[in-house]
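The following note sets out points for a colleague who has the sequence and the coordinates at hand.

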Amino acid sequence: MFSRLKSIFFFKCPNCNEGNLFPNNNFFDFKFQVNKSCSQCNEDFVREPGFYYGAMFLSYIISAFFSLSICGICIIVLGIEWKMSIFILCCILALLFVFLFRFSRSLWIHIMVKPKIK
Ligand SMILES: [Zn+2]
C-alpha cells in the first residue's frame, strides 16, 4: 500500500513501481507527454487513444478541493481578505500546475492498471 502511494506521488510505473512515468521529473519542464512504456517491465503507459482523458476530471476534482482548502485556510484561519486569498491561490496553483497535471495522470493510471507482478 505504501509503495503504491509512493509510486503515485513519484510518478512511477503502476506495475513494477520502478520505471518513470514521465521522461523526467523536473516540474519546470513543460513536456507533458507520458513515456510510451516502462523502461523496467515494458508496461504500456499509452493504453489507447484518449486514455488520459479521465485524468482531466481527476485534475479538476483535485484542484477544486485544493483551491477550497487554500482559500478556506487563508480566509477563516489566517483572516486574509478574499481578494488577496484568490491572488495567493492563483500563485500557488501557477507553481503547482505541472505537479497537479502529472499527479492526476499518475493517479489515473494507478487506478486503471493493477500490478501484475509482486
Ligand atoms: Zn514497470
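1. A residue is called buried here if 20 or more other C-beta atoms lie within 10 Å of its own, with C-beta atoms placed from the backbone. On that criterion, buried residues make up 19% of the 118 residues in the protein chain. The model is a predicted one, and the remarks below should be read accordingly.

2. Overall architecture. The protein chain holds 3 helices and 0 strands, and its elements run α-α-α from the N terminus on. Along its principal axes, the C-alpha trace spans about 50 × 30 × 25 Å. Of the contacts with a separation of 6 or more, 52% come from residues 24 or more positions apart.

3. The nonpolar core. Which residues form the largest nonpolar core? This core has 10 residues: F11, C13, L21, V34, C38, F45, Y52, A55, W108 and I109. One of them, A55, touches S104, R105 and W108, when residues up to four places away in sequence are not counted. A55 is also among the buried residues of helix 2, together with S59 and C74.

4. Geometry of helix 2. Helix 2 covers residues 53-77. Just after helix 2, G79 adopts a positive phi of about 70 degrees.

5. Helix 2 against helix 3. Two packed helices are described by the angle between their axes and the distance between the axes. For helix 2 and helix 3, the axes come within 9 Å and cross at roughly 150 degrees. Because angles over 145 degrees count as roughly antiparallel, helix 2 is roughly antiparallel to helix 3. The crossing of helix 2 and helix 3 is right-handed.

6. Residues in that contact. The buried residues of helix 2 pack against helix 3, which covers residues 82-112. On the helix 2 side, the residues that meet helix 3 include G54, A55, L58, S59, I62 and S63, as well as C71, C74 and I75. Their counterparts in helix 3 include W82, S85, I88, L89 and I92, together with S104, R105, L107 and W108.

7. Leaving aside residues up to four places away in sequence, I75 touches I80, W82 and S85. The C-alpha atoms of I75 and I86 are 9.7 Å apart, and these residues are 11 residues apart along the chain.

8. Helix 1 against helix 3. Helix 1 and helix 3 pack at an angle of about 140 degrees, with their axes 8 Å apart. That angle makes helix 1 oblique to helix 3. R4, S7 and I8 of helix 1 make the contact with S106, L107 and H110 of helix 3.

9. P14 in the loop. P14 is placed in the loop between helix 1 (2-9) and helix 2. Why does P14 count as buried? P14 has 25 C-beta neighbours inside 10 Å, and the cut-off for a buried residue is 20 or more. With residues up to four places away in sequence not counted, P14 touches S7, I109, H110, V113 and P115. P14 and F45 are 31 residues apart along the chain, and their C-alpha atoms are separated by 9.1 Å.

10. F11 is buried, with 22 other C-beta atoms within 10 Å. N17 is partly exposed, with 19 other C-beta atoms within 10 Å.

11. K83 in helix 3. K83 is found in helix 3 and is exposed, with 8 other C-beta atoms within 10 Å. The C-alpha atoms of K83 and L107, which are 24 residues apart along the chain, are separated by 32 Å.

Conventions
Residues numbered from 1 in each chain as written. Predicted model: local features only at pLDDT ≥ 70, side-chain atom pairs only at ≥ 80, totals over all residues. Core = buried A, V, L, I, M, F, W, Y, C linked by C-beta atoms within 7 Å. Buried ≥ 20, exposed ≤ 12 C-beta atoms within 10 Å, placed from the backbone. Contact = placed C-beta atoms within 7 Å. Helix = DSSP H or I, 4+ residues; strand = E, 2+ residues; numbered from the N terminus. Axes fitted to C-alpha atoms, helices over the stretch in contact; angles between N-to-C directions. Parallel < 35°, antiparallel > 145°, perpendicular 65-115°, else oblique. Left-handed = near helix turned anticlockwise from the far one by under 90°.
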